[in-house]
Amino acid sequence: MVVVLDTLEDVIRRRTTNLLAVITCLSKVHAAYPNLRLVLAGRFDLRDDSKLKGFAAEFGDVTRSVNVRRFDVEEAVNYLVAVRGLPDGAA
């Protein structure tokens with residue numbers, strides 16, 4: 001099973017959810033079900049304590065960071081038009 005939490009920078013900026021508590025809970029699920037994979041996606045490196053205090057101490061040694069390259073212009077247009085359904089052309 002794969003659980004993906006995406007756009008975590010929004011959760012961190014708004015501070016409306018205890019994200020560390022959510023990740024800790026999913027960590028406990030992982031302990032009981034080792035086939036679980038948790039993907040945390042966003043613009044911040046959560047191991048930076050200024051972003052999510054306590055994450056590095058708790059999970060820094062079992063996480064890895066993967067940089068995903070940006071869309072080029074053609075890929076961005078295709079995503080916005082074909083996938084998201086926005087009209088083609090100038091904004």
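**Notes on the aromatic pairs and helix ends**

1. Please keep in mind as you read on that the model is predicted.

2. F59 also falls in the buried class, at 8% relative accessibility. Both F55 and F59 belong to helix α3 (residues 55-59), and because they are four residues apart there, about one helical turn separates them.

3. How many aromatic pairs does the structure hold? There are two. One of them joins F55 and F59, whose ring centres lie 5.5 Å apart with 40° between the planes, a tilted arrangement.

4. The other pair to look at is F71 with Y79: the planes meet at 55° and the centres are 5.7 Å apart, so this pair is tilted. Y79 is partly exposed, having a relative accessible area of 29%.

5. The charged end of K51 sits over the F44 ring, at 4.6 Å from the ring centre.

6. Finally, have a look at both ends of helix α4. At its start (the helix covers residues 73-83), D72 places a side-chain oxygen within 3.1 Å of the backbone nitrogen of E74.

Conventions. Residues numbered from 1 in each chain as written. Predicted model: local features only at pLDDT ≥ 70, side-chain atom pairs only at ≥ 80, totals over all residues. Heavy atoms only, no water. Phe/Tyr/Trp six-rings, centres within 6.5 Å; stacked < 30°, edge-to-face > 60°. Helix = DSSP H or I, 4+ residues; strand = E, 2+ residues; numbered from the N terminus. Buried < 20%, exposed > 50% of the residue type's maximum accessible area, 1.4 Å probe, protein only. Lys NZ or Arg CZ within 6 Å of the ring centre and 35° of its normal. Polar contact = N/O pair within 3.5 Å; in protein donor to acceptor, adjacent residues only side chain to side chain.
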